[in-house]
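Have the structure open beside you as you read.

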Amino acid sequence: MDKKDKTFQNALSNFTFDMASRGAIRHLADLGYSAAGIHNRLDFPTPVSQIEEELRAYQAEKEAADASGVTYEYVRETDAYGRTSLRRVKVTHGTGQ
């Protein structure tokens, strides 16, 4: 397999993981499930090692957000013509404001 094919396979694998597992893994982690528990609950076959890797990355993201005190949320907005869009808004925690 040449470099172009490997790049495509890697991109396809990442996309598949994003669509099929990443959100579910993060949601179940927030509910307190372990990697093995998450593995048993997923509909898409995902190796436990990949689940553990995602849990480590998610925990690191949460710790970085907690340390900076800044997180983001998405706000749905509808304009005068009925078009709906999402806007990312910075949310600051712990500043007393």
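1. Let me start with glutamate 52, which sits in helix α3, the run of residues 48-68. In this predicted model, glutamate 52 counts as partly exposed because its relative accessibility is 35%. Its C-alpha lies 19 Å from that of asparagine 10, a residue 42 positions away in sequence.

2. Leaving aside residues up to four places away in sequence, alanine 35 touches Val48, Ile51, Glu52 and Leu55.

3. Do look at arginine 26, placed in helix α1 (residues 3-30). Is it buried or exposed? With 19% relative accessibility, arginine 26 falls under the 20% cut-off and so counts as buried. Its contacts, not counting residues up to four places away in sequence, are Glu54, Tyr58 and Glu61.

4. The side chains of arginine 26 and glutamate 54 form a salt bridge, at 2.7 Å from N to O. Since arginine 26 is in helix α1 and glutamate 54 in helix α3, the pair ties together parts 28 residues apart in sequence. Glutamate 54 is buried as well, at 6% relative accessibility. Both residues take part in a network of salt bridges that also links Asp18, Arg22 and Glu61.

5. There is another salt bridge to check, between the side chains of aspartate 30 and lysine 62 (3.5 Å, N to O). This pair links distant parts of the chain, with aspartate 30 in helix α1 and lysine 62 in helix α3, 32 residues apart. Aspartate 30 is partly exposed at 47% relative accessible area, and lysine 62 is partly exposed at 31%.

6. On to the strands: β1 (residues 70-78) and β2 (residues 84-92) pair in the antiparallel sense over nine bridges. Five residues lie between the strands of this hairpin, where glycine 82 takes a positive phi near 85°. Glutamate 77 and arginine 87 form a salt bridge, their closest N and O atoms 2.6 Å apart; because glutamate 77 lies in β1 and arginine 87 in β2, this pair ties together parts 10 residues apart in sequence.

7. Finally, tyrosine 72 stands opposite lysine 90 in β2. What lies over the face of tyrosine 72? Arginine 88 does, at 3.8 Å from the ring centre. The structure holds zero aromatic pairs.

How values were computed:
Residues numbered from 1 in each chain as written. Predicted model: local features only at pLDDT ≥ 70, side-chain atom pairs only at ≥ 80, totals over all residues. Heavy atoms only, no water. Helix = DSSP H or I, 4+ residues; strand = E, 2+ residues; numbered from the N terminus. Buried < 20%, exposed > 50% of the residue type's maximum accessible area, 1.4 Å probe, protein only. Contact = heavy atoms within 4.5 Å. Pairing = 2+ DSSP bridges. Phe/Tyr/Trp six-rings, centres within 6.5 Å; stacked < 30°, edge-to-face > 60°. Lys NZ or Arg CZ within 6 Å of the ring centre and 35° of its normal. Salt bridge = Lys/Arg side-chain N within 4 Å of Asp/Glu carboxyl O.
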